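This briefing is meant to be read beside the sequence and the three-dimensional view. Please keep both open while going through the points below.

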Amino acid sequence: MSRAENTRSFTRTLTGGFRKLALAAVLVAAPAMAQAPAAAPAAPAAAASAPAISAPGAARAPDVVTRATDTAAGASAGAATAAVPAAAVPAAGGGYTPMAPTAGKGQPVDGGWTFQDQYSPIGEYALWMHDAILVPLITVISLFVLILLLVVMVRFRRGRNQTPSKTTHNAMIEVVWTLLPVLILVGVAVPSIKLLAKQYKPAPANALTVKATGNQWFWSYSYPDNGGLEIVSNMLPDEEAIKRGEPAQLGVDNRMVLPVGEPIRLQTTGADVIHSFAVPSLWFKLDAVPGRINEKVLFIKEPGVYYGQCSELCGARHGYMPIAIEALPRPQFDAWVLAKGGSLKSAKPAEAAAAVPAPAAAPAAAASPAASPTSGASPAAAGASPAPTASGAPAPAA
Ligand SMILES: [Cu+2]
């Protein structure tokens, strides 16, 4: 073999090996990467140019009603009417006061460089995988390759190595550099696929259903299990957020309130363009796509306020549609629902059906009079099917 041929065969061996490695690495890393956390809040530069932010305080209740009616592809007329008592009750003095956020919990921290602390079981598992497996592995491999490069550069430099070796094959080394990466990747694949499977696990049938609709540029939340309650959530102006003790550009006028310690079926859809509902500290990110409903389980371990942002470039004010989730123990959540004019899931089917103005819900509930209170009204009102519900499935008009 000539020297040129030697070099060519050596290069072929190397590139073939690298191609296999790269493919395997992509396969293994993909599930983990899919959940990369949302970036820190957007730069404050354009905050002042926000023209459409709702007026805080006294103006809140009428604002909610107008917004709900205005929502282009959103709520039906019936749902808009349902929003009236929802907004009017707290304005008249309901028992709910928004929880004060805890600094550093559920929100970005100054100088933060890694994931936010996690408050869901899946988030804790994912964070463990990142901290205990991925980062140490990446560090060890990078250092190992760096040391090998340095050794080669020094020991085999031209000055010290006038007549290069003509070795082309070494069975032992080739077996090792193929097997070792395969074993490492299999080792990473086990927790990685486990994490992926956890995230795909559907919610139990009796889980509370909540739907988040992305609009240009605010979020609206509907609670089909709670009488079709509708909440419209707009970002607070910076001064107002700071006055209320909330992080600027993350605070909102009306939060998404959820119960803690139970699985929640969180559905997302888009009213106009694709948005993405993302809350880093709860390890939750799900695209909100017009014309379809995505769903994923959300489980919050402890009460608190958790902030997130729209994470899909959705237009000019994409950076100004934050998400604020307030997690409360079940009794306080129920009290919030009642204060907002909603009904509880365990209410009698007849009542629940009456409270839901969707034409689809009423016949469904009537057709199954023998159904138990829990199973009666909920599936029809749950909005799990693409059929129109009180909360307004995405209109195909968009
Ligand atoms: Cu968006």
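Strands S1 and S2 form a hairpin with two residues between them, where strands are DSSP runs of E with at least two residues and helices are DSSP runs of H or I with at least four, numbered from the N terminus. The model is a predicted one, in which local features need pLDDT of at least 70 and side-chain atom pairs count only at pLDDT 80 or more, while totals for chains, interfaces and linings use all residues. Residues are numbered from 1 along each chain as its sequence is written.

**The chain as a whole**

- The secondary structure of the protein chain comes to eleven helices and ten strands.
- Of the 398 residues in the protein chain, 37% count as buried; a residue is buried if 20 or more other C-beta atoms lie within 10 Å of its own, exposed if 12 or fewer, and partly exposed in between, with C-beta atoms placed from the backbone.
- Among the contacts in the protein chain with a separation of 6 or more, 72% come from residues 24 or more positions apart, a contact being two residues whose C-beta atoms, placed from the backbone, lie within 7 Å.

**Strand S2 and its two partners**

- S1 (residues 208-215) and S2 pair in the antiparallel sense over five bridges, pairing being called when DSSP finds at least two bridges between two strands, and Ala 212 has Tyr 221 of S2 as its bridge partner.
- S2 also pairs with strand S3 (residues 229-233), again in the antiparallel sense and over five bridges, and here Tyr 223 stands opposite Leu 229 in S3.
- The hairpin formed by S2 and S3 has five residues between the strands, and Gly 227 in the turn has a positive phi of about 70°.
- Six of the six residues of S2 (residues 218-223) are buried, so this strand is largely enclosed by the rest of the structure.
- In a regular strand the side chains alternate between the two faces of the sheet.
- On one side of S2 lie Phe 218, Ser 220 and Ser 222, on the other lie Trp 219, Tyr 221 and Tyr 223, and all of these are buried, so that both faces are covered.

- Leaving aside its neighbours within four places in sequence, Leu 258 is in contact with Val 210, Ile 264, Ile 300, Ile 325, Ala 327 and Phe 333.
- From strand S4 (residues 256-259), Met 256 and Leu 258 point one way whereas Val 257 and Pro 259 point the other way, and all are buried.
- S4 and strand S10 (residues 322-328) run parallel and are joined by four bridges, with Glu 326 in S10 as the bridge partner of Val 257.

**Backbone exceptions and a buried loop residue**

- Most residues other than glycine have a negative phi, and most peptide bonds are trans.
- Gln 216 and Trp 217 are joined by a cis peptide bond with omega of about 0°, and Trp 217 has its place in the loop between S1 and S2.
- Gln 249, in the loop between H6 and S4, has a positive phi of about 70° although it is not a glycine, and it is buried, with 22 other C-beta atoms within 10 Å.
- Trp 283, in the loop between strand S6 (275-279) and strand S7 (284-288), is likewise not a glycine but has a positive phi of about 50°, and it is buried, with 26 other C-beta atoms within 10 Å.
- Met 235 lies in the loop between S3 and helix H6 (238-243) and is buried, with 29 other C-beta atoms within 10 Å; its C-alpha atom is separated by 4.3 Å from that of Val 252, 17 residues apart along the chain.

- Helix H5 (residues 171-200) has 30 residues and reaches 43 Å from its first C-alpha to its last, close to the 44 Å expected at 1.5 Å a residue, the expected span being 1.5 Å times one less than the number of residues.
- H5 has a kink of about 25° at Ala 189, shortly before the proline Pro 191, the bend at a residue being the angle between axes fitted to the seven residues ending there and the seven starting there.
- Trp 128 is found in helix H4 (residues 121-155) and counts as partly exposed, with 13 C-beta neighbours inside 10 Å.
- The C-alpha atoms of Trp 128 and Pro 191 are separated by 10.0 Å, with the two residues 63 apart along the chain.
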